[in-house]
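Biologist: Could you walk me through this one and tell me what each label rests on?

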Amino acid sequence: TTIAVVATDAALTRAQAQKLAGTAHDGLARAVRPVHLLTDGDTVFVLATAGTPLPPEPTAALNGILAAGADVLARAVVKAIRAARGVDGPGGTFPSYTDLYTDLYGDRNDHHNGTR
């Protein structure tokens with residue numbers, strides 16, 4: 001399950017916000033594989049502060065917001081995965097993605113030796 005929030009200062013209607021949430025799911029699908037399986041609870045919430053009104057003919061502006069929603073969600077997931085660190089606990093050792101693929105991202109200290 002992945003839960004995300006996409007926030008904008010655009011003045012969106014309820015329908016436009018729902019569309020943004022739907023297109024943001026496309027960003028989730030770019031970054032998470034597999035995604036949206038039968039047992040997943042993947043959810044995207046949209047917050048719109050209405051600080052910036054859309055132009056009278058909002059199609060181009062809204063399309064830009066929709067595309068940006070997908071892009072920023074994909075980037076946020078990747079950034080979070082890269083920032084995560086492994087955990088040693090009573091339930092076992094759970095390495096992070098970067099712990100598993102150190103050679104792909106440069107020399108990283110192993111979290112098990114405490115030199116992070």
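What follows is a short chat about labels and the values behind them.

Modeller: First, this is a predicted model, where local features need pLDDT of at least 70, side-chain atom pairs count only at pLDDT 80 or more, and totals for chains, interfaces and linings use all residues. Residues are numbered from 1 along each chain as its sequence is written, and side-chain values use heavy atoms, with hydrogens and water left out.

Biologist: How many helices and strands does the chain have, and in what order do they run?

Modeller: There are 3 helices and 4 strands, going β-α-β-α-β-β-α from the N terminus.

Biologist: Why is His-36 called partly exposed?

Modeller: Buried means under 20% relative accessible area, exposed means over 50%, and partly exposed is in between, using a 1.4 Å probe and protein chains only. His-36 comes out at 39%, so partly exposed it is. It lies in the loop between H1 and S2, and its phi is near 60°, positive for a residue other than glycine.

Biologist: What makes Ala-50 partly exposed?

Modeller: Its relative accessibility is 46%, so Ala-50 gets that label too. Ala-50 sits in strand S2 and has a positive phi of about 65°, despite not being a glycine.

Biologist: Which residues does the cis peptide bond join?

Modeller: Arg-33 and Pro-34, with omega about -5°. Pro-34 is in the loop between helix H1 (14–31) and strand S2 (43–52).

Terms used: Helix = DSSP H or I, 4+ residues; strand = E, 2+ residues; numbered from the N terminus.
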